[in-house]
Amino acid sequence: MAGERALVLGGGGVTGIAWETGILHGLALEGVDLTDADLFVGTSAGSVVATQLAGGASLSDLYEGQLLPPDGEIPARLTNWMVLRYALSYVMPGTAAAKRARLGRAALKARTPSEASRLAVFEHRLSIEDWPARALKVTAVDTADGKFVAFDRDSGVPLVKAVASSCAVPLVWPPVTINGRRYMDGGMRSAANVDLAAGYSKVVVVAPLTRAASPAATPGAQAARLGVPSIVVSPDKAALAAIGSNLLDPARRRPAAEAGLAQAASVAEAVREVWN
């Protein structure tokens, strides 16, 4: 076995960061501390939370941060046109990588804020600057060929750029330049990329989003194929209502975090059985 326990954190926008932080903090209050994982896997929103936890940030501090008013933050939205563009990229013929590359080309042409401004956001958002000593994988997709990558401390990639690329939602935020190539959201391959936890003997997945282009690609299906004790925690009905329809709206951050905290008690025993 590569290690004992892996924590996989999936994508879901700024509300996903908030809900994940809330439920992880709530689980810790219930006596199930997932921050002692041997591996952290982060995709999109999950890459932010995974990086902070791998770097030793306090869950209570991170949770309190999610409750602050979003003063000065600019909301974004996935429009119906953008969602349709995603769908068209994936229903057209071609390999999975070719479909992602098709979306990548659209991402490169989209009118978005500057790459520099987005990097500045992540420099402010992250609590650490360098890769932590603990095992951390941050996912992204190459816009040119659709290749899926998992950056880690041996990749020679600045941590801020790795996380910013994982969060670069196509058509909304600009792809991030790394070693002359442009990278976009790792969630374009999978909502959580649970298969990166292969080799670990216990896996907990915290996934704000669980839908996939095919049933085999859902976080639950990916976790089942690992063949080890695992569980996928996703938002309950109350959390979904708190998160709302726009995952990129900072104004929904506080209610999403509070909903995650409240939901933790209902899943704590099931998570404990896997983790401990």
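**Entry 1: an aromatic pair**

I began with two residues in this predicted model: F151 is buried, and so is Y183. I then asked how many aromatic pairs there are, and the count came to one. F151 and Y183 make up that pair: their ring centres lie 5.4 Å apart and their planes meet at 75 degrees, so I noted the arrangement as edge-to-face. The cut-off I needed here is that planes over 60 degrees apart count as edge-to-face. The pair links distant parts of the chain, with F151 in strand 4 (residues 148-151) and Y183 in strand 6 (residues 181-185), 32 residues apart.

**Entry 2: charges over rings**

Next I looked for arginines placed over aromatic rings. R118 lies over the face of W173, 3.7 Å from the ring centre. I also found the charged end of R125 over the ring of F122, at 5.1 Å from its centre. I kept R125 in mind, as this residue came up again among the pockets: it is one of the residues closest to the centre of the second largest pocket.

**Entry 3: salt bridges**

How many salt bridges does the model hold? I got eight.

I went to D142 and R181, whose side chains meet in a salt bridge with 2.4 Å from N to O. D142 belongs to strand 3 (residues 135-142) and R181 to strand 6, so this contact ties together parts 39 residues apart in sequence. D142 counts as buried because its relative accessibility is 3%, while R181, at 36%, counts as partly exposed.

R181 has another partner in D145, with the closest N and O atoms 3.6 Å apart. D145 sits in the loop between strand 3 and strand 4, and R181 in strand 6, so the pair ties together parts that are 36 residues apart in sequence. At 36% relative accessibility, D145 counts as partly exposed.

I also noted E269 and R272, whose side chains meet in a salt bridge at 2.9 Å, N to O. Both are in helix 10 (residues 253-275), and being three residues apart they are separated by about one helical turn. R272 has 24% relative accessibility and therefore counts as partly exposed.

**Entry 4: the largest pocket**

I turned to the pockets next. The largest has a volume of about 1,400 Å³. I found 43 residues in its lining, with Y86, G187, M188, L209 and R211 nearest its centre. The elements giving two or more residues to this lining are helix 1 (13-29), helix 4 (80-91), helix 5 (96-109), helix 8 (219-226) and helix 9 (237-243). Helix 4 gives the most, with five residues. By class I read 19 nonpolar, 17 polar and seven charged residues in the lining of the largest pocket.

**Entry 5: the second largest pocket**

The second largest pocket holds about 960 Å³ of space. Which of its 37 lining residues are closest to the centre? My list reads V14, E73, V121, R125 and R253. Helix 1, helix 2 (45-54), helix 3 (59-66) and helix 6 (115-125) each supply at least two residues of this lining. Helix 6 provides the largest share, six residues.

Methods. Residues numbered from 1 in each chain as written. Predicted model: local features only at pLDDT ≥ 70, side-chain atom pairs only at ≥ 80, totals over all residues. Heavy atoms only, no water. Phe/Tyr/Trp six-rings, centres within 6.5 Å; stacked < 30°, edge-to-face > 60°. Helix = DSSP H or I, 4+ residues; strand = E, 2+ residues; numbered from the N terminus. Buried < 20%, exposed > 50% of the residue type's maximum accessible area, 1.4 Å probe, protein only. Lys NZ or Arg CZ within 6 Å of the ring centre and 35° of its normal. 1 Å grid on protein atoms, 1.4 Å probe; cavity = no way out; pocket = protein on both sides within 12 Å on 5 of 7 lines; lining within 4 Å. Points joined across faces, edges and corners; volume = space filled by probe spheres on them. Nonpolar A, V, L, I, M, F, W, Y, C, P; charged D, E, K, R; others polar. Salt bridge = Lys/Arg side-chain N within 4 Å of Asp/Glu carboxyl O.
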